[in-house]
Amino acid sequence: MKTDSPKKPAEKVRSKKESTLRGIPASPGISIGCVHLLQATEEEIQPRKIAPSEVKSELAHFETALASSRTAIERSREKATALAGIAVGKIFDAHLMILEDVVFREQVETRVKREQFSVDYIVFDVLGRNIEMMESQDGELFRERAADIRDVRQRLLRNLRGEGDIMPNEPTEPVILVASNLSPTHALHIDRNLVKGIATDTGGLTSHTAILARSMNIPSVVGLGDLSSRVISGDPIIINGNSGKVLIHPSAESGKEYKQKQDRYQKFMKSLENLREKPAETADGHRIQVWGNIELPLEAESVLAHGGTGIGLFRSEFLFLTRESVPSEDEQFDTYDKAADIMAPYPVIIRTFDLGGDKLHHTINLQKEKNPFLGYRAIRVCLSRRDLFRAQLRAILRASSRGNVRIMFPFVSGLEELREAKIVVKEAAEELAGNKVPIEEQIKVGVMIELPSAAMLADKLSEECDFFSIGTNDLIQYMVAADRGNDMVSAYYRSFHPAVIRMIQSTVKAAHKNNTPVGICGELGANPIATPLLVGLDIDEISTNSAFIPEIKKIVRAMTYVECKRITHRVLKLGTALEISDYLETQLKKKLADLPIWFN
């Protein structure tokens with residue numbers, strides 16, 4: 001990447017009128033300043049033939065570059081850990097997995113020997129094919145994996161050229177960084193004293209740019225589409241990491257308005273500092289649990305730091321999606337055990353592999369499906385690939401010896417899958433017991449309620465499992481038949497659709513009749529205006545990104561259970577999603593006028 005040089009002719013025709021873009025609010029806060037534009041420059045490596053006598057030296061050069069890159073990545077991990085904590089440092093473990101993947105190394109070595117092209121071209125081509133494969137898939141997770149591979153490729157190629165970790169020119173005064181995409185390596189080199197905000201064309205809530213920005217407390221907005229093509233360095237800009245709004249060439253009036261919002265936000269954040277050790281308990285004594293969702297095992301550190309008292313969703317499929325090869329049982333055990341150790345004695349719910357749909361892996365999805373979201377995914381994959389499923393269950397059961405691990409099955413549609421999956425758990429437990437491996441004998445097993453069929457069978461499912469977690473993201477799209485990733489129908493994806501609220505209510509009631517606790521782990525749980533409704537629906541636990549935990553606690557503690565029940569009673573009488581969201585917003589604004597959600 002390089003800093004752009006503004007061209008005078010373009011300067012004359014560019015509009016200075018205020019314009020607004022909306023993206024994804026990735027890291028909270030409001031930043032007012034000038035653009036520092038980074039433009040991606042990735043040189044394509046052309047094939048260069050080498051003599052047979054050069055093959056050995058090329059491969060030796062490859063090994064040297066691998067070693068240098070490994071050292072540099074480990075250094076980045078140490079720096080990220082020192083700056084933002086262990087969980088953020090683990091981002092670079094994914095880079096090490098890519099670099100050290102046996103299949104990748106074998107491909108490079110084999111092709112250099114067979115084709116006799118220079119190693120830099122072979123590296124560029126092999127990793128390029130992996131990038132193309134990831135980018136051809138739908139979903140933010142795949143775009144993120146592609147970005148990881150591209151970051152590793154750039155670093156490895158720099159080391160093959162003997163350049164080391166060269167970073168583009170950094171700003172020398174306070175700025176707002178704007179880029180098409182920001183790699184974790186570059187993000188790590190940001191000077192927090194100078195970079196006051198980040199805005200990127202691509203990315204999502206779980207992108208590494210977003211994770212690093214949140215960890216460094218830099219207001220950020222991602223997924224802005226074409227922002228980087230609309231600005232040049234020096235342009236005045238305002239970014240609102242609370243709402244996702246970005247103002248280019250803001251007017252004097254907008255500047256004054258957002259300065260006031262910035263001051264209010266900073267005051268609000270100060271008020272959250274004393275909530276870490278306090279429970280999520282209403283003013284009249286009704287308590288719920290607020291837990292965290294994680295992908296990387298040591299993100300558990302962030303959950304604890306924000307006052308969370310458990311992991312409601314450990315997305316285990318990241319073990320597949322950060323690498324080409326299948327993770328071994330021992331690798332999985334180490335991962336689950338780390339999370340359990342950090343959180344002990346608080347619970348850790350590990351969701352078994354939720355592969356398929358928009359989370360594909362070449363060892364699992366062998367055929368192109370016309371409708372993957374209704375196809376071969378999650379528990380269906382696990383039950384048909386017993387080798388993978390049993391290995392994962394053995395790893396989870398081994399980690400359960402700490403006493404705080406639970407198992408959760410995704411995409412269960414009825415009793416058949418639950419019963420079959422529990423049989424495999426029993427078989428894995430018996431196998432470990434036969435080998436004298438310590439495990440928790442009565443490990444808790446739960447299911448995700450993300451299919452309408454499962455919600456309708458909540459009374460039966462709750463008789464045969466220990467807990468529920470409602471996955472609102474999928475439940476909503478299956479309820480209203482709208483793919484949230486499809487722009488043509490995404491307007492029909494309504495979190496507060498009355499049918500969705502009623503289905504959550506009926507699920508909770510059915511589960512509670514069997515004394516089965518119910519959590520919620522989808523994006524609805526992170527929406528502040530939904531908190532009083534979820535309390536009133538008698539949700540036992542809200543699991544979300546750790547950054548939202550203090551805000552949810554503040555809302556719960558500002559309400560009474562009686563108020564939440566009254567709000568819920570009214571919501572259940574409303575007929576449209578807009579009526580519900582407007583009513584909830586009005587009720588919460590009466591109670592808490594200083595929430596960041598209002599600073600849009």
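Guide: Buried means under 20% relative accessible area, exposed over 50% and partly exposed in between, with a 1.4 Å probe and protein chains only. This is a predicted model, in which local features need pLDDT of at least 70 and side-chain atom pairs count only at pLDDT 80 or more, while totals for chains, interfaces and linings use all residues. Residues are numbered from 1 along each chain as its sequence is written, and side-chain values use heavy atoms, with hydrogens and water left out.

Visitor: Which class of accessibility does Arg70 fall into?
Guide: Arg70 meets Glu100 in a salt bridge of 3.0 Å, N to O, a salt bridge being a side-chain nitrogen of Lys or Arg within 4 Å of a carboxyl oxygen of Asp or Glu. Glu100 lies in the loop between α4 (91-99) and α5 and Arg70 in helix α2, so the pair ties together parts that are 30 residues apart in sequence. With a relative accessible area of 23%, Arg70 is partly exposed.

Visitor: How are α5 and α6 oriented to each other?
Guide: Helix α5 (residues 102-115) and helix α6 (residues 119-135), both DSSP runs (H or I, at least four residues), pack at an angle of about 130 degrees with their axes 10 Å apart. Axes are lines fitted to C-alpha atoms over the stretch in contact, and angles run from 0 to 180 degrees between N-to-C directions. Angles under 35 degrees count as roughly parallel, over 145 as roughly antiparallel, 65 to 115 as roughly perpendicular and the rest as oblique. The two helices, α5 and α6, are therefore oblique.
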